[in-house]
There are 2 protein chains.
Amino acid sequence: MRTTICERFGVEFPLFAFSHCRDVVAAVTNAGGFGVLGAVAYSPGQLDTELSWIDEHVGGRPYGVDVLVPGKIDASAASRNTSLTDHIPQRHRDFVAHLLGKYGVGGAEAFTRATAGRADEMGRRVTAEGATGLIDVALKHPIGLIASALGPPPPEMTAKARQAGVPVAALVGTVEHARRQVAAGADVIVAQGSEAGGHTGEISTMVLVPQVVDAVDVPVLAAGGIAGGRQMAAALALGAEGVWCGSVWLTTEEAETLPLVKQKMLAATSSDTVRSRSRTGKPARQLRSAWTDEWDGAPESPGALPMPLQMLLAEGAMARIGRAAESGSPGAGELATYFVGQVVGQMNQIRPARRVVHDMIEEFAAAVERLDRLTGT
Amino acid sequence: MRTTICERFGVEFPLFAFSHCRDVVAAVTNAGGFGVLGAVAYSPGQLDTELSWIDEHVGGRPYGVDVLVPGKIDASAASRNTSLTDHIPQRHRDFVAHLLGKYGVGGAEAFTRATAGRADEMGRRVTAEGATGLIDVALKHPIGLIASALGPPPPEMTAKARQAGVPVAALVGTVEHARRQVAAGADVIVAQGSEAGGHTGEISTMVLVPQVVDAVDVPVLAAGGIAGGRQMAAALALGAEGVWCGSVWLTTEEAETLPLVKQKMLAATSSDTVRSRSRTGKPARQLRSAWTDEWDGAPESPGALPMPLQMLLAEGAMARIGRAAESGSPGAGELATYFVGQVVGQMNQIRPARRVVHDMIEEFAAAVERLDRLTGT
């Protein structure tokens, strides 16, 4: 294919694959796409290890790194002198303890000492400063892209990327945000529709993409609702130069998705996701579960905290819920959830990531051919 | 073009235009598409008049009629022996009176005698019996399609249409509903994404359409998020045989949209709609306004009634709000709203309906050509 994106990023097929799993990143890159490693779960040292592994497995083919830099976070919570978890109100800790008890996960505290420490570390990474640490590590590797979500990238980050000659991509959910990101130096815009997994806005991909394409003069990737070749063809028809997919990799052979959550995803329909603040503090689409139902609907719910506090609270609990679910706790199974888009309804079998790419290429070609046949081109 | 839909419905361009305005229906049909008149606002006698006018203006070209038949309505409210408005609780009448007072629309009662009578009549039309009355009238005209939303069409309606050789289309928001509609005799499925105006589900067009196409063996039209040629090309790439558009006609020259609401729509972005029960009792996407904000967010809101009661309450109030808004009442202007999809963000100028069709054909052709260029076809 010959989109601007293909030329600029040296890929055959303009498919960007966001994953926290290095195996998926390498598999997609090796299959002719562009893998992007989600770095937020890693410490700088761990990230270095992951990227070195990728370097060894992609033979110089292009890949990138994604960091999470919220435009607005609770500044007081990001201060360096206290533990972030100290900022979580007792009422919220109590509610988590109540949920863990109610669903038989056990443990009367929202945090163990271990989860509190880990939570603190993660909370610091979703600040501009924390993200910069990850970026410094990333730039020591031959990465082809740095992507950031949730607000304009910090100027320092853009400057470092530019100096290293690495393009910066930004995820947006509105035209206004797209304009702001380009003004802040973004080289590529990922226009992400409301149907996407994870942090997402309210405007659908079908509506958002043409408006963003018309509003900015940089290449646009479409995200949200794209897990197959017909959807990729649709995205390009809307004016995108390529696509950005996250959810579809979660049920691949390589994905490190919790087995129980993987099974939930395989069984889920497109009606089984919800946009909820209960996992991170910002609206994020995920599998609907007892966790989202209780936070969003229970009369005793204290409501989600701002980011990053809710994220710390939820990640701590989710780690324990995951372990209990894997030990066969039915209540933990009800609570377990993970970020995924509405395309979960079409994720019905476990495939190797490479196969997902090949299937997408094939279905894409068939969709374009059908369109030509219908229009008599 | 050569989709199944083009052949079966005798159109050059598989664009179905839903409108309550006969001028739009005729203009689209005459421009090579297929106009569909929304009949719910008309009595059987009025509908006869409208369809006769269309017959005189389309020279035998194809058009259709849309009725609203909710699968589930409040059965007690639909009984024939009482006024429907008698079933509206005092608390809800009081809230409407409070809103009208708060925003300076005036009148201390939720209903005047005139609006109560009109509301009653409208309420009866959204029952199976009421819809059948409209269908009897419609079948005396050379219509090419009967469409119904909100549940499987009543068997009597399908039987009458079949006897008259008129295909039946059904609007759906999930794969499950599509299967059910085909089992109930639907000849065409309109797969309508969450971004659509009016009654709508939660799954986006991008996600819904391919799943519905794979699940049923009748032609599928895509609806929701489609107001331009790129979006139409995307819909066909997703596997649809054509598209169904409603919102885009609301700001055409011909549309009888309240001038103030038309101006609101021209100014609105795609972030300015909301899915709310406050207008009909079922979730319907519309312009966000003081009406939707108050019903959905005010502490004293009693919450929306089931359909059709909320519809009667809202239509009565909206008629008065509309008149007050046209007389320059700023409060009425804040309350005024109408059904519209997220594409409202791209509806930025008043065009004749014929021009909208031509622009769509042109943009569609350019989108297909671009796709061919990118893929080297």
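In this predicted model, A:E363 forms a salt bridge with A:R230 (a salt bridge being a side-chain nitrogen of Lys or Arg within 4 Å of a carboxyl oxygen of Asp or Glu). The closest N and O atoms are 3.2 Å apart. The pair links distant parts of the chain, 133 residues apart. A:E363 lies in helix α15 (residues 353-375) of chain A, and A:R230 lies in helix α10 (residues 229-237) of chain A. Helices (H or I, at least four residues) and strands (E, at least two) are DSSP runs, numbered from the N terminus. Side chains of opposite charge can pair when their charged atoms come close. Over all chains, the structure holds 27 salt bridges.

Residues are numbered from 1 along each chain as its sequence is written, while chains are lettered from A and ligands numbered from 1 in the order in which they are written. Local features need pLDDT of at least 70, side-chain atom pairs count only at pLDDT 80 or more, and totals for chains, interfaces and linings use all residues, with side-chain values using heavy atoms and leaving out hydrogens and water.

The interface takes 46 residues from chain B and 46 residues from chain A (contact means heavy atoms within 4.5 Å). The copies meet through the same surface, because 100% of the interface residues of chain B are also interface residues in chain A. The area buried between the chains is about 3600 Å² (accessible area, 1.4 Å probe, that two parts lose on being put together, summed over both). Carbon and sulfur atoms give 57% of this area. In chain B, the residues that lose the most area to chain A are B:M206, B:R230 and B:L374, together 19% of what that side buries.

The rule finds 4 salt bridges between chain B and chain A. In one salt bridge, the side chains of B:R370 and A:E241 meet at 3.4 Å, N to O. On the side of chain B that touches chain A, α9 (205-215), α10 (229-237) and α15 (353-375) of chain B each supply at least two residues. The largest share, 9 residues, comes from α15(B). That side divides into 20 nonpolar, 17 polar and 9 charged residues. Here Ala, Val, Leu, Ile, Met, Phe, Trp, Tyr, Cys and Pro count as nonpolar, Asp, Glu, Lys and Arg as charged, and the others, Gly among them, as polar.

Chain A holds an open sheet of 3 strands in the order β7-β11-β10, with antiparallel pairing (two strands pair if DSSP finds at least two bridges between them). The edge strands are β7 (198-199) and β10 (273-276) of chain A, each pairing on one side only. Strand β11 (residues 284-287) of chain A is joined to β7(A) by 2 bridges. A:G198 stands opposite A:R285 in β11(A).

Most peptide bonds are trans. A cis peptide bond joins A:M307 and A:P308, with omega about 0 degrees. A:P308 is found in the loop between α12 (290-297) and α13 (309-326) of chain A. In chain B, the peptide bond from B:M307 to B:P308 is cis, with omega near 5 degrees.
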